[in-house]
Amino acid sequence: MGNYLNPDNSKFQRAVNSDIYVDKTGLIKYTNRVMNTMQAYVCVSRPRRFGKSMAADMLTAYYSKGCDSREVFSGLEITEDETFDRYLNKYDTVFLNVQEFLSRSSNVKELLERVEGKVIRELKKQYPDVELYDENDLAETMQDIFAESECPFIVIIDEWDCIFREFKHDKAAQEIYLDFLRDLLKDKEYIYLAYMT
């Protein structure tokens, strides 16, 4: 269990424990259906306070190999679905809150170096025996690990668009960021689901 790779289910557990929790686990039925298809790239944009981050935490708790979430989901809608057991806690799951990285970075290049460095560090701890071609390149590291482990990745990115709010007049920074996401996610066999809010 890590901070970015295979996090635990504590954030979602906190949400479920709250008086104002609304069961949105029906979303998992949808993500299970599109997993490892051409539709496995999901981007949700809704107004603030819509529950996007909670949904990202829910998906992380469901897919992450870093925890056992059966008890957390007990009594929720998804447990009635035939796919519930098939995908529960079976995937290497990368969870990123881009706003968190942005608050510790002065520019987009620094942000992306921080993302790659943090995630690669956890991947190397999880897979110390995998020979990496370029241990500074996140996409190649994930590809090498997938080739050895045959365990695909779920990538969940919260606040993915904060770059466009903070650097709204810096088109070059926006392009660098979009190129990073394209290289990491697009047409990669190791990505079974990418979910961004």
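**A cavity, a helix and a buried aspartate**

A cavity here is a set of points, on a 1 Å grid over the protein atoms alone, where a 1.4 Å probe fits but cannot get out. Its volume is the space filled by probe spheres set on the points, which are joined across faces, edges and corners.

Before going on, please note that this is a predicted model, where local features need pLDDT of at least 70, side-chain atom pairs count only at pLDDT 80 or more, and totals for chains, interfaces and linings use all residues. Residues are numbered from 1 along each chain as its sequence is written, and side-chain values use heavy atoms, leaving out hydrogens and water.

The largest cavity holds about 40 Å³ of space. What lines the largest cavity? You'll find L96, V98, L111, L112, V115, I157, Y177, F180 and L181 there, each with an atom within 4 Å of a point. Helices α7 (108-126) and α10 (171-185) each supply at least two of the lining residues; helices are DSSP runs of H or I, at least four residues, and strands are runs of E, at least two, numbered from the N terminus.

Now to D92, in strand β2 (residues 92-97). Is D92 buried or exposed? D92 counts as buried because its relative accessibility is 0%, where buried means under 20% relative accessible area (1.4 Å probe, protein chains only).

Last, helix α3 (residues 52-63): 11 of its 12 residues are buried, among them M54, L59 and Y63.

Key: Buried means under 20% relative accessible area, exposed over 50%, partly exposed in between (1.4 Å probe, protein chains only). The expected span of a helix is 1.5 Å times one less than its number of residues. On a 1 Å grid over the protein atoms alone, a cavity is a set of points where a 1.4 Å probe fits but cannot get out, and a pocket is an open set with protein on both sides within 12 Å along at least five of seven lines; lining residues have an atom within 4 Å of a point.
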